[in-house]
Amino acid sequence: MNFRFVCAAALLAAVSPAWAVGSAAGAVPVATRAIQLVDRGDFDAARATLRQAFAGRPDAPLHFAQLEGLILVKEGQVRAAIDVFRFILSREPNFTPARIELSRALASLGESDAALHQLQLIELGSNDPEVRRQARSFGESVKSQRPYGFSGYVSFLPSTNVNKGSGRKTFTVGGLEFQIDDDSRGQSGWGIGGGGDAYRTFYLDETTRLTWSGALDVKKYSQGSSYDELAVSTNLSIAKRLGRVEFRIGPTIDYRLVSWRPYAFRYGIAVGASVDMAAHTQFYSGATFLKQDFADASYRDGQIFLGYAGFRHAFSPSLAASITANVSAERTKRDYLDHNDIKLTAQIDREWTGGIITSFAVGAGYHDYLGDFPGTWIRRRDDIWSAGVTAMNRNWSFQGFSPQIKYEYTRQKSNISFYDYDSHDIDLTLTKLF
């Protein structure tokens, strides 16, 4: 089955139901007729067909632009067609025909991650069950045709330590003053970070896949090498889809150097699941259990559990909301290092008329430590609040990349004042997910 033909015709008809020529039963929809003319190379006839059907309609420019995008694809000018489809979405983010053709064009250029991003928006946000089914089917086809991917980054790093690089020399607990040792104060200076991740998927059958992934992260600071880090991680997972449920399980490993010396080795197992709860709602969850072995700090040896669960609901392809709960529990050989953490995050993702794409998130949580903080009779408790926004403009792009800026404010209040901080984080990245 030709995915583009079926979806383009069905979606255009869904957006504009009055796409029939004549009044007789079984009349050929204008969308189907125009696409047939494009496929035959009769572009002028296709244009005339649409002009006759849409003359005077307020949404006519969208449909005319859509047709020009299809013509560009037929002529082999795929990158120009992508610009047209993105232009249409900047004017009407819920014009699904443009989104489906954008995903096809991106996939044809090998930009599978960007294509899958668009298909996932359609799959969760479309009101048409057949369109959602075909979006998933085409998504699986895209994955199988290019079952690998990678990404990289470079970033500037502020001075860092356990309390966000504080320069204070003392802190108070219960009216008592404590001296902060030099190793706990901000001394690293500014730094630079870089790294990337990659994956490779092997399809065992139509519903089962095996995926390897790996990541590398490097940090280099200006004031010596004491705070430099190198982290390497890898995992292998097998995923199985059973109807509306998908399960994942596999081993995971990470190894970290600090000051270019062995620091920590962690290994364990990761599991995950996603469930299509309803037409527009998805439930997702996962957990990782790791054994921890620290090279020069055996008192930190133990295990850590990391888990998450949440819901995502799409009101349309251009508007979605999600709520996610993250939990963690670490156990070591020192009770004052043992802790339970919870964080709840709510997020809204929106594409606006004009091309602006935003995400807004707020979060709240805490770190709850189980033993008395050293030298005190107080168990440490940190309360955390955060708010952030991510924004980009799909009209600002070059060679398929668009700049994306993210700002996040975090406030941590602790009963051990050394851990109080206000953090302002700004990230600027280039992305193809738009």
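Helix α6 is mostly covered, with 10 of its 13 residues buried, where buried means under 20% relative accessible area, exposed over 50% and partly exposed in between, using a 1.4 Å probe and protein chains only. The model is predicted, so that local features need pLDDT of at least 70 and side-chain atom pairs count only at pLDDT 80 or more, while totals for chains, interfaces and linings use all residues. Residues are numbered from 1 along each chain as its sequence is written, and side-chain values use heavy atoms, leaving out hydrogens and water.

Helix α6
- Among the buried residues of α6 are Pro97, Arg99, Glu101 and Leu106.
- Gly110, which follows α6, has a positive phi near 85 degrees.

- Phe85 touches Gln66, Gly69, Leu70, Val73, Ala98, Glu101 and Leu102, not counting residues up to four places away in sequence, a contact being heavy atoms within 4.5 Å.

Hairpin
- Strands β15 (residues 402-414) and β16 (residues 421-431) run antiparallel and are joined by 11 bridges, where pairing requires that DSSP finds at least two bridges between two strands.
- β15 and β16 form a hairpin with six residues between them, and the bridge partner of Ile405 in β16 is Leu428.

Definitions and conventions. Helix = DSSP H or I, 4+ residues; strand = E, 2+ residues; numbered from the N terminus.
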